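Entries follow in the order I checked them.

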Amino acid sequence: MSLKLLGMTSIIALTATHAEAEMNFNRISSFATFANNEDATAESSAEIISASSDGMTLVYSDSPLGVIGMIDITDPSAPAAKGTINVGGEPTAVSVSGNIAIAGVNTSKSYTAPSGILKAFDLSTLQEVAACDLGGQPDSTAIAPDGSFIAIAIENERDEDLGDGGLGQMPGGYVVTVGLNNGIPACDSMVKIDVTGLAEIGADDPEPEFVDVNADGEITVTMQENNHIVVMTRTGEILNHFSAGSVDLTGIDATDERGALLFTETQKGRLREPDGVQWIDADHFATANEGDMDGGARGWTIFNKDGTEVFEAGTSFEHAIVQHGHYPDKRSDSKGAEPEGMEFAIFDGTPYAFILAERASLVGVYDVTDPRAPTLVQVLPSGIAPEGAIAIPSRGLFITANEADLIEDGGVRSHVMIYEYQDAPAAYPQLTSAGADDLIGWGAISGMVAGENGLVYAVNDSFYGYQPTIFTIDTAVSPAQITSALPVTRGGFAAQKLDLEGITLDGEGGFWLASEGRTDRMVPHGIYHVNAKGEITEEISLPAALLAVERRFGFEGITLIDGTLWMAVQREWADDPADHVKLIAYNIESGEWGAVLYPKTAADKGWVGLSEIVSHAGDVYVIERDNQIGDKAKIKMVYRISGDQMVPSALGSDLPVVEKEAVYDLIPDLQSGNGYVVDKIEGLAIFPDGTAWVSTDNDGVDDSSGETFFWTIGKL
């Protein structure tokens with residue numbers, strides 16, 4: 001049998017909600033901000049983002065570099081670097097009026113001596129055309145819909161390391177408005193608006209956070225730490241102000257870093273402490289309730305400008321995040337997914353609110369036709385830590401700016417991501433637990449195995465070390481659905497000291513699991529048998545011959561062939577030749593161990609290893625991958641080994657080296673999502689007819705966007 005190397009994105013299962021076409025937002029491209037840098041190795045960040053009036057140029061604030069960056073989106077499917085403008089300080093926000101980019105620039109020498117400048121630049125000439133002294137540290141900007149003025153929130157943020165980090169640190173913040181003449185600020189028209197004495201919390205130390213302006217020229221301002229909202233005119237008349245209030249939260253995970261997703265806790269009276277705010281019509285605005293000092297309600301709210309609460313999401317948005325595998329467990333004791341930024345726009349007559357979950361790296365798209373009952377219609381995968389967003393309805397575009405740049409850790413860089421409003425099915429998610437009888441939290445999907453009737457079984461890895469789980473996934477529906485979660489237990493409790501990286505059927509209703517060891521953390525390398533109830537019934541440790549040469553990177557995948565378990569070792573152990581790893585055999589009946597050697601591809605950068613092993617139709621398939629991400633990723637492959645080569649030799653002897661045949665290149669499929677290529681291809685499941693499914697590990701949304709790819713590569 002001859003198998004050809006494939007790279008077909010046409011096979012990938014990208015439809016996610018309905019078979020029939022309908023209007024949806026789908027990601028069409030992404031832009032890494034380092035492409036705008038003279039030094040691509042320098043940290044950069046896209047935080048707040050805006051667009052020129054013709055919708056052809058994006059402008060974003062880049063705080064680490066002290067610039068505003070520009071992106072040419074004449075062809076939004078192929079965004080191009082357009083350079084940067086040095087603003088002479090830290091840009092905290094940017095708004096564009098016509099062809100004039102206006103940046104709030106923080107020039108503060110200290111928390112007690114805040115200062116800032118409103119700077120304007122002509123995007124055609126890149127020249128500075130205005131500079132207004134703001135007298136304090138700007139945090140956000142918003143231009144009136146008629147272009148007549150710009151509003152600026154002057155936060156004068158507190159030093160969180162001073163004392164108890166609370167309010168009462170002078171000077172307090174305020175709001176500024178500046179008139180615009182053809183987009184250029186008229187500094188002599190500046191109005192400074194006092195907002196002290198309004199909030200019940202820290203009345204003398206207001207910290208205005210976010211501003212927005214409605215069609216009537218009315219300004220709404222969130223004072224996040226003060227848990228307060230103010231509505232005012234451009235001249236400083238306070239039209240209304242009120243507490244942002246609190247929410248009783250139920251069904252949340254509020255305990256730190258247990259390595260388990262348990263949504264059983266309650267927080268009463270959780271202050272909203274809103275960050276982002278957007279008018280959705282002349283009378284209503286929405287807030288993203290991130291929290292900061294003492295609160296964070298994990299959701300979002302719609303208020304009437306008279307202070308009446310019109311809609312409260314409660315935990316519904318966070319539960320949707322949970323169902324899509326994006327819940328950031330390490331943030332449980334803080335503010336959960338942290339809804340922070342937001343955008344509002346009308347596309348083809350439908351009003352949409354876009355809620356950015358900073359820690360979940362996900363965008364919730366809500367139809368707010370009825371402000372009293374918004375409907376979540378989509379979730380969009382974003383880069384890490386979406387901070388700002390801009391909609392361009394005239395071009396059918398929505399864009400996010402994602403601030404995290406993980407260059408120091410060798411991770412993904414900061415990105416701007418572009419979505420198009422299309423008459424097409426939603427491309428994301430590809431895997432969800434929505435629709436299950438219970439709320440199922442999931443993430444860090446690792447090994448997989450195909451069962452019957454289109455079911456795939458998958459395990460999570462050590463990120464959820466206090467909650468090892470076998471997930472049942474129905475691939476017959478789109479998106480694929482996690483229908484149940486089976487805890488792996490020992491003595492009636494969640495089994496400890498496991499790093500599950502492989503699963504295979506035992507043929508009797510149970511499973512064999514492979515656990516990757518980590519000796520320095522007292523996690524043993526091992527094989528585990530569990531019954532249909534998830535109870536561990538047998539534990540098999542490695543023989544002395546293997547333990548003598550073991551290294552950290554152990555078992556990745558397990559499969560059963562004629563009574564023998566085969567495990568792939570991810571990387572070389574002490575006795576392996578360079579670029580060779582063991583495929584280890586264990587005979588269940590005799591207890592004998594053996595191995596063959598597998599020849600890895602040499603790495604140009606980083607390392608290359610195995611992450612799955614699956615038997616099918618007499619042959620063996622493995623996933624071989626490098627640990628590179630984005631444009632540095634080169635090796636994400638499925639290889640085949642003829643079954644007649646799987647004859648183990650005794651441990652310690654000269655092991656035979658198997659030959660491999662390339663079957664499928666996964667990189668084109670990963671690129672077809674129009675984001676960036678992720679590094680961890682972890683799961684492969686092959687049904688009896690040869691149909692194969694592949695999955696990625698989202699690292700538990702820790703230094704990861706949380707995006708999980710789960711798709712079929714067709715029949716092998």
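I call a residue buried under 20% relative accessible area, exposed over 50%, and partly exposed in between (1.4 Å probe, protein chains only). This is a predicted model: local features need pLDDT of at least 70, side-chain atom pairs count only at pLDDT 80 or more, and totals for chains, interfaces and linings use all residues. Residues are numbered from 1 along each chain as its sequence is written, and side-chain values use heavy atoms, with hydrogens and water left out.

**Rings.** I paired rings of Phe, Tyr and Trp (its six-membered ring) if their centres lie within 6.5 Å; planes under 30 degrees apart are stacked, over 60 edge-to-face, the rest tilted. I found 26 aromatic pairs. Trp 279 and Phe 285 pair edge-to-face, 5.2 Å centre to centre with 80° between the planes. Phe 285 is buried at 0%, and Trp 279 is buried at 5%. Tyr 586 and Trp 593 are tilted, at 4.7 Å and 50°. Tyr 586 is buried at 9%; Trp 593 is buried at 18%. I also noted a cluster linked by ring pairs, with Phe 25, Phe 347 and Tyr 352 among its members.

**Charges over rings.** My test was NZ of Lys or CZ of Arg within 6 Å of the ring centre and within 35 degrees of the ring normal. Arg 571 lies over the face of Phe 553, 4.1 Å from the ring centre. The charged end of Lys 660 sits over Tyr 639, 4.3 Å from the centre of its ring.

**Salt bridges.** I took a side-chain nitrogen of Lys or Arg within 4 Å of a carboxyl oxygen of Asp or Glu. The structure holds 28. Lys 660 turns up here too: Glu 624 bridges to Lys 660, with the closest N and O atoms 3.0 Å apart. The two are 36 residues apart, Glu 624 being in strand E47 (residues 619–626) and Lys 660 in the loop between strands E49 (649–650) and E50 (661–665). Strands here are DSSP runs (E, at least two residues), numbered from the N terminus. Glu 624 is buried at 0%, whereas Lys 660 is partly exposed at 26%. Arg 331 and Glu 338 meet at 2.7 Å, N to O. Arg 331 is partly exposed at 23%; Glu 338 is buried at 1%.

**Sheet.** Two strands pair if DSSP finds at least two bridges between them. I traced an open sheet of four strands, E2-E3-E4-E5, with antiparallel pairing. Which strands stand at the edges? E2 (49–51) and E5 (80–86) do; each has a single partner strand, so one side of each lacks a neighbour in the sheet.
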